[in-house]
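This briefing covers charged pairs, open and closed spaces, and a surface patch. Please keep the sequence and the structure in view while reading.

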Amino acid sequence: PIIWIFLIYLFGILAWGYLFNWRQTPINYHDWAEINLPRVQVVKEALLNQVLPLHVNDTSMLHHLTDRFLTLPDIITTPQMVLLWFMDADTFLLTDLLLHYSIATLGLFFFKRKFNWSIFTFVVLFFLFNFNGYIIAHYLVGHATWAGYFLFPWFFLFVFEFVESQPNWRWVTKVAFLCFYMVLAGSQHHFTWLLLFLGFLGLAEWRKLKWIAAAIFSAGFLSAFRLLPPILIIENVKDRLNFSFLTGYQSLAELISALVNIKKPDDYIFFVSSHPLGYWEFNYFIGILGFFFLCIFGIFFWLRNEQNDQRFHVLFFPFFMTLFMSIGLIYGETLYHLPVFRSERVISRMVSIPITMLMFVAAIFFDKWFQQKTIKMRWLFGAGLILLVNDLREHMRVWNIQNIVPEFAQVELQFAKIMLNNHPDPTYFQILLLGLLLTILTALTLTLLVLRTRKVR
């Protein structure tokens with residue numbers, strides 16, 4: 001199985017190479033060029049000059065909100081950015097994508113080992129998770145901060161651990177550091193969704209609520225270095241109309257359509273506000289076979305087996321609530337009015353949480369069912385897997401970079417000019433130092449609590 005998994009992993013690298021046309025097509029368009037490439041270049045300039053990236057000359061990369069670079073919570077500040085010493089910004093971003101894809105595959109492997117899945121179940125989940133329309137569409141339009149998506153397998157490993165056993169400070173620490181890394185990866189959106197999921201899980205499993213609360217607060221304080229500076233721009237965001245809430249999926253039927261229909265990158269959806277949103281905000285293609293896989297094994301088997309297997313019944317409430325919040329204006333009329341959740345303008349993006357969880361639940365129940373079948377039935381499902389992969393391949397053909405680029409204006413990137421403009425800014429510096437202090441103190445506290453837990457054992 002290890003050899004097969006490694007070969008499938010290599011196949012996935014080739015698939016991402018195909019999607020980006022083997023680097024032959026420049027990523028100088030939309031959010032690649034307007035946001036993420038300039039931001040990464042700022043960090044590169046700071047590394048080469050051995051200074052901190054505090055202020056920038058061109059504020060367009062920060063949505064013209066401020067010149068304080070670290071006040072936006074979706075700035076990438078991961079440790080691997082040291083690679084920028086000898087990499088171009090675009091090379092780094094694509095390398096970073098493959099790094100997080102590798103982390104996701106490792107997480108899927110740990111899932112396989114935990115539940116003793118067959119290689120067939122692993123392969124089905126591998127393709128559904130890594131090559132669905134959601135992650136492909138977001139990355140192809142330049143959402144490099146979607147690296148947090150690739151950490152979902154690890155998050156749900158911790159969720160299943162929470163459901164199946166009694167959590168402790170070791171569990172809290174694992175969740176907190178995972179969420180902290182998500183924030184460093186610029187995945188503040190994913191961080192918010194996961195904490196919301198944990199909140200709903202705590203309401204469902206109220207006997208363990210104190211551990212959920214500990215994980216949420218620990219994740220917040222551990223991430224203070226990156227989450228505290230944004231308070232300096234809250235008023236600026238409130239005053240900008242283009243930061244107002246837009247929508248989620250307009251209906252459940254629209255979500256189902258996104259799961260089973262391939263739509264082209266030039267499809268735009270217009271809402272009541274007449275604000276157009278590209279279909280990359282709604283694309284979640286997994287094909288008709290993938291859809292039936294989720295419905296039959298993820299929903300029908302899950303509900304049918306509740307009486308025999310009580311482990312996962314508490315997950316239905318957080319699953320339903322995050323799905324519910326992703327549709328229509330429900331989120332915009334409720335949680336959006338709270339300061340912590342105002343960053344989520346296009347809440348259709350959050351549907352990745354319940355869909356991913358459903359993938360794992362479906363894989364668990366499918367494998368139990370599949371391993372009881374005859375060889376002939378397994379060959380039949382093997383043919384179905386080929387058809388599933390073919391559907392996903394067709395989607396990749398439609399959404400590869402060569403079809404994406406014509407939809408956007410090409411931006412001439414001029415990184416030769418100086419991008420940093422550090423200057424005295426006492427309030428900003430104090431907030432950064434306070435956030436750093438809170439991060440360090442939280443990390444030390446969690447470490448001590450974990451060591452104490454081990455001693456008690």
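A salt bridge here is a side-chain nitrogen of Lys or Arg within 4 Å of a carboxyl oxygen of Asp or Glu. This is a predicted model, in which local features need pLDDT of at least 70 and side-chain atom pairs count only at pLDDT 80 or more, while totals for chains, interfaces and linings use all residues. Residues are numbered from 1 along each chain as its sequence is written, and side-chain values use heavy atoms, with hydrogens and water left out.

**Salt bridges**

- Nine salt bridges are found in a search of the whole structure.
- Side chains of opposite charge can pair when their charged atoms come close.
- One of the bridges joins Glu164 and Lys114, whose closest N and O atoms are 2.8 Å apart.
- Glu164 belongs to helix H6 (residues 152-164) and Lys114 to helix H3 (residues 89-115), so this pair ties together parts that are 50 residues apart in sequence. Helices (H or I, at least four residues) and strands (E, at least two) are DSSP runs, numbered from the N terminus.
- Glu164 is partly exposed at a relative accessible area of 30%, and Lys114 is partly exposed at 37%. Buried means under 20% relative accessible area, exposed over 50%, and partly exposed in between, with a 1.4 Å probe and protein chains only.
- Arg349 and Glu281 form another salt bridge, with 2.7 Å between the closest N and O atoms.
- Arg349 sits in the loop between helix H15 (330-333) and helix H16 (352-370), and Glu281 in the loop between strand S2 (276-278) and helix H13 (287-304); the pair links distant parts of the chain, 68 residues apart.
- Both Arg349 and Glu281 are buried.
- Arg397 pairs with Glu394 in a salt bridge, the closest N and O atoms being 2.6 Å apart.
- Arg397 and Glu394 are three residues apart in helix H17 (residues 375-399), which means that about one helical turn separates them.
- Arg397 is partly exposed, at 39% relative accessible area, and Glu394 is partly exposed at 26%.
- A network of salt bridges links Arg393, Glu394 and Arg397.

**Second largest pocket**

- On a 1 Å grid over the protein atoms alone, a cavity is a set of points where a 1.4 Å probe fits but cannot get out, and a pocket is an open set with protein on both sides within 12 Å along at least five of seven lines; lining residues have an atom within 4 Å of a point.
- The second largest pocket has a volume of about 410 Å³, a volume being the space filled by probe spheres set on the points, which are joined across faces, edges and corners.
- Its lining has 19 residues, of which Leu52, Pro53, Leu70, Thr77 and Phe225 are the closest to the centre.
- Helix H2 (30-49) and helix H19 (426-456) each supply at least two residues of this lining, and H19 gives the largest share, four residues.
- By class, 17 of the lining residues are nonpolar, two are polar and none is charged. Ala, Val, Leu, Ile, Met, Phe, Trp, Tyr, Cys and Pro count as nonpolar, Asp, Glu, Lys and Arg as charged, and the others, Gly among them, as polar.

**Largest cavity**

- The search finds one cavity of 30 Å³ or more, and the largest cavity has a volume of about 30 Å³.
- The largest cavity is lined by Asn36, Arg39, Val40, Val43, Phe69, Asp74, Ile75, Ile76 and Met81.
- This lining has six nonpolar, one polar and two charged residues.
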